[in-house]
Amino acid sequence: MERYLMVLLGGGFGSLARYVVAIAINSRVGNRFPLGTVVINITGSFLIGVLMILLTEKFQMHENWRLLLVVGFLGGYTTFSSFEFETYQAVHSGDYWIGLLNVLGSVTLGFAGVWLGAVIARR
């Protein structure tokens, strides 16, 4: 039961963080390009790189920390389904370059975030 509570608690806070970050970014730059989702996915990618190295390699922390922070928080925080739908919307409305930029930017920068997070955490 404890494991389920860790995921539930982390997921709730991660979802709230996603909502707050997306609103903050989109209220400043608009909604034509889904910058809020891109920023969330890149920062989530960076955080999973950091957290997985710290939790499993450097400190070998109790499994509940991974469940709380990675499965729960980052699972609620990152937005793959939003990313996919926003890409669909861009392409469907004829904004092919926006859709392509969203895919290439999110995947490339997301991978760079994971790599950078893992490199920093290993130091």
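This is a predicted model: local features need pLDDT of at least 70, side-chain atom pairs count only at pLDDT 80 or more; totals for chains, interfaces and linings use all residues.
Leu9, Phe13, Leu16, Tyr19, Val20 and Ile23 make up a nonpolar patch on the surface, and together they have about 620 Å² of accessible area. A patch here is built from residues with over 30% relative accessible area and no salt bridge; nonpolar side chains (Val, Leu, Ile, Met, Phe, Trp, Tyr) are joined within 5 Å, and like charges within 9 Å. A salt bridge means a side-chain nitrogen of Lys or Arg within 4 Å of a carboxyl oxygen of Asp or Glu. Accessible areas come from the Shrake-Rupley method with a 1.4 Å probe, and for residues only the protein chains shown count as cover.

Residues are numbered from 1 along each chain as its sequence is written, and side-chain values use heavy atoms, with hydrogens and water left out.

Now for the overall build. The chain has five helices and zero strands, where helices (H or I, at least four residues) and strands (E, at least two) are DSSP runs numbered from the N terminus. The C-alpha trace spans about 50 × 30 × 25 Å along its principal axes. Of the 123 residues in the chain, 33% are buried; buried means under 20% relative accessible area, exposed over 50%, and partly exposed in between (1.4 Å probe, protein chains only). The chain exposes about 7,800 Å², with carbon and sulfur atoms supplying 70% of that area. Among contacts (heavy atoms within 4.5 Å) with a separation of 6 or more, 71% join residues 24 or more positions apart.

Ser15 sits in helix α1 (residues 2–29) and is partly exposed at 30% relative accessibility. Leaving aside neighbours within four places in sequence, Ser15 is in contact with Gly76 and Tyr77. Ser15 and Leu104 are 89 residues apart in sequence, and their C-alpha atoms are 24 Å apart in space. Asn41, in helix α2 (residues 35–58), is buried at 11% relative accessibility. Not counting residues up to four places away in sequence, Asn41 touches Thr78, Thr79, Phe80 and Phe83.

How many aromatic pairs does a search of the whole structure find? There are three. Rings of Phe, Tyr and Trp (its six-membered ring) pair if their centres lie within 6.5 Å; planes under 30 degrees apart count as stacked, over 60 as edge-to-face and the rest as tilted. Two of the pairs are set out here.

| Pair | Centre to centre | Angle between planes | Class |
|---|---|---|---|
| Phe80 and Phe83 | 5.5 Å | 45° | tilted |
| Phe85 and Tyr88 | 5.8 Å | 35° | tilted |

Why are Phe80 and Phe83 about one helical turn apart? They are three residues apart in helix α4 (residues 80–92), so about one helical turn separates them. Phe80 is exposed at 56% relative accessibility, whereas Phe83 is buried at 5%. Phe85 and Tyr88 are likewise three residues apart in helix α4, again about one helical turn. Phe85 is partly exposed at 47%, and Tyr88 is partly exposed at 46%.
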